[in-house]
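Here is a short briefing on one protein chain. Take a look at the structure, then work through the points below.

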Amino acid sequence: MKCALGLVVLASLLVAGCSNAPAGPIAAASAPTASASTGGSARGDFGPPQGEPVKAVLTSPPMVPPPTGRSQPAKVIVELEVREVDLEISEGATYTFWTFGGTVPGSFIRVRQGDTVEFHLKNHPDSKMPHNIDLHGVTGPGGGAASSFTAPGHASQFTFKALNQGLYVYHCATAPVGMHVANGMYGLILVEPPEGLPKVDHEYYVMQGDFYTVGKYREKGLQAFDMQKAIDENPTYVLFNGSEGALINDRALKARTGETVRLYVGNGGPNLVSSFHVIGEIFDKVWYEGGTHFQENVQTTLIPAGGAMMGEFHVEVPGSYVIVDHSLFRAFNKGALAILKVDGEQDKAIYSGKEVDSVYLGDKAANLTPVTAAREAASSGTLTLEQQVAAGKAHYTGTCSVCHQDGGTGLEGVFPPLAKSDYLAKEPAAAIRIVLNGLTGAVKVNGKDYNSVMPPMSQLNDDEIANILTYVFNSWGNSFGQVSAADVAKVRAATPRAEGAAH
């Protein structure tokens, strides 16, 4: 009895302590007392909708619809179409994504707390599968899934009241649920607090997802879904917005110094937890788990599968800010990497350094147009030496130049030079084995000793290794000939590899 009483007292103290926690987006807006009166579904019903029905503005990632700008609840009509589409998951690799609105993630939905949402789900006639939708912002069985099962060429409709403010994931919940989600069927719905969110300069929509293909990472061609990899939680790709190239180079997020950026970030999963981090920035505020309270001065925030967060930061210094899942092999070896490009004046008092360079970003920052041209030429049997060299240079810049340097000069005593290398000239074919298997220990190149470790690069595809070596063999005074993808494949096939290792 005493233990039970003690637990009751402890619980009451915890509740009292929570009441002093930092206020959420409502408290940060113009009506600081509103969050106390609108927390929880019991307080989110502001009566019947008023005025004429409103058609929701839906946006494709990374864009976000404008604020609702309403002071009263409305009837909001949401029309969302399911489409099964072949899209690029990585350069030269495509995948049949199942989507809400034709994109991964699906269209961003923005409503106001207290709105009555009339939801229309359409399944395109070309679809091969039935689908439905489970919105985590819905109070009702299955989050709407029980009311929205929709066969190809059909449409469903249901209505719900948005009782809880917050940022919520939606996803397909048709069996097998994990497969539908793994194929890209997820998105975000924002339920604004009654008076809206504080004004910022930029709002962006980012969602992480893990993908499971039969082919290895960056294997070319149309890739099929691998159920066993998904069950084993061993993704081929971990991506932001459904593609390796979704948020880099000319598709990078943009801002200027002196501006405030708000990110709406979700994790579709289906399996992995995200350790979301912006390299070189600190979140001024993070509304953790998509709820109404925020934490301040956050470096990295966890986002569970099927969860979300809202983060804000003020930008002081120009440059390229790399956004990653800080489980870092996911970022640099599975694709979970994006860029926020900030323009504006330097502020040397805050930071004196240079903008992040292409070596740090790897070939994700390179212009991959030559790679695409070489791949297409190889497919048609017209690949030239010049095309291979151009493609190899793009991959070399991101994969090899950090050690062997842009000019192939290496680093004294550590990384041997590739330029005018007598080591390579002696047996050019050995270079394929070295790239695939790595090389550890002392070597003598051009009469000098070098001692370091080159890790195996067997995660590279045959054509990538062939192009890199062809570039090396025909640059900086070298003239060692041409390497084909077939040459690499032959060496790879003859290389013993531990089970589970990259091959």
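This is a predicted model. The chain has 503 residues, and 48% of them are buried. Its secondary structure comes to 14 helices and 23 strands. Take contacts between residues at least 6 apart in sequence: 70% of these join residues at least 24 apart.

**Helix α13**

- Helix α13 runs over residues 462-473.
- Is α13 enclosed or open? Ten of its twelve residues are buried, so α13 is largely enclosed by the rest of the structure.
- The buried residues are E464, I465, A466, N467, I468, L469, T470, Y471, V472 and F473.
- These buried residues pack against five helices: α8 (369-380), α9 (385-399), α11 (422-426), α12 and α14.

**How α9 meets α13**

- Two packed helices are described by the angle between their axes and the distance between the axes.
- For α9 and α13, the angle is about 100° and the axes are 7 Å apart.
- Angles of 65 to 115 degrees count as roughly perpendicular. The helices α9 and α13 are therefore roughly perpendicular to each other.
- On the α9 side, the contact is made by L385, Q388, V389, A391, G392, K393, H395 and Y396.
- On the α13 side, the contact is made by E464, A466, N467, I468, T470, Y471 and V472.
- By class, the residues of this contact of α9 with α13 divide into eight nonpolar, five polar and two charged.

**Helix α12**

- Helix α12 covers residues 430-437.
- Six of its eight residues are buried, so α12 too is largely enclosed by the rest of the structure.
- The buried residues of α12 are A430, A431, I432, I434, V435 and L436.
- They pack against the helices α11, α13 and α14, and against the strands β22 (439-445) and β23 (448-454).
- Just after α12 comes G438, which takes a positive phi of about 80°.

**How α12 meets α14**

- Helix α14 covers residues 485-493.
- At what angle do α12 and α14 pack? The angle is about 60°, and the axes are 10 Å apart.
- That makes α12 oblique to α14.
- The crossing of α12 and α14 is right-handed.
- Residues I432, R433 and L436 of α12 make the contact with D487, V488, V491 and R492 of α14.
- By class, this contact of α12 with α14 has four nonpolar, no polar and three charged residues.

**Cis peptide bonds**

- A cis peptide bond joins V104 and P105, with omega about 0°.
- P105 lies in the loop between β3 (93-100) and β4 (109-112).
- The peptide bond from G269 to P270 is also cis, and its omega is near 15°.
- P270 sits in the loop between β14 (260-269) and β15 (274-278).

**A closer look at P270**

- Buried, partly exposed or exposed: which is P270? At 24% relative accessibility, P270 counts as partly exposed.
- Which residues does P270 touch, not counting those up to four places away in sequence? They are G178, V181, A182, D210, Y212 and A305.
- P270 and G184 are 86 residues apart along the chain, and their C-alpha atoms are separated by 9.3 Å.

- R218 has a positive phi of about 70°, although R218 is not a glycine.
- Where is R218 found? It is in the loop between β10 (202-211) and β11 (221-223).
- The relative accessible area of R218 is 10%. Buried means under 20%, so R218 is buried.
- N249 is a residue other than glycine with a positive phi, near 50°.
- N249 has its place in the loop between β12 (237-240) and β13 (253-256).
- With 42% relative accessibility, N249 counts as partly exposed.

How values were computed
Residues are numbered from 1 along each chain as its sequence is written. This is a predicted model: local features need pLDDT of at least 70, side-chain atom pairs count only at pLDDT 80 or more; totals for chains, interfaces and linings use all residues. Side-chain values use heavy atoms; hydrogens and water are left out. Axes are lines fitted to C-alpha atoms, for helices over the stretch in contact, and angles run from 0 to 180 degrees between N-to-C directions. Helices (H or I, at least four residues) and strands (E, at least two) are DSSP runs, numbered from the N terminus. Angles under 35 degrees count as roughly parallel, over 145 as roughly antiparallel, 65 to 115 as roughly perpendicular and the rest as oblique. A crossing is left-handed if the near helix is turned anticlockwise from the far one by less than a right angle, and right-handed if clockwise. Contact means heavy atoms within 4.5 Å. Ala, Val, Leu, Ile, Met, Phe, Trp, Tyr, Cys and Pro count as nonpolar, Asp, Glu, Lys and Arg as charged, and the others, Gly among them, as polar. The expected span of a helix is 1.5 Å times one less than its number of residues. Buried means under 20% relative accessible area, exposed over 50%, partly exposed in between (1.4 Å probe, protein chains only).
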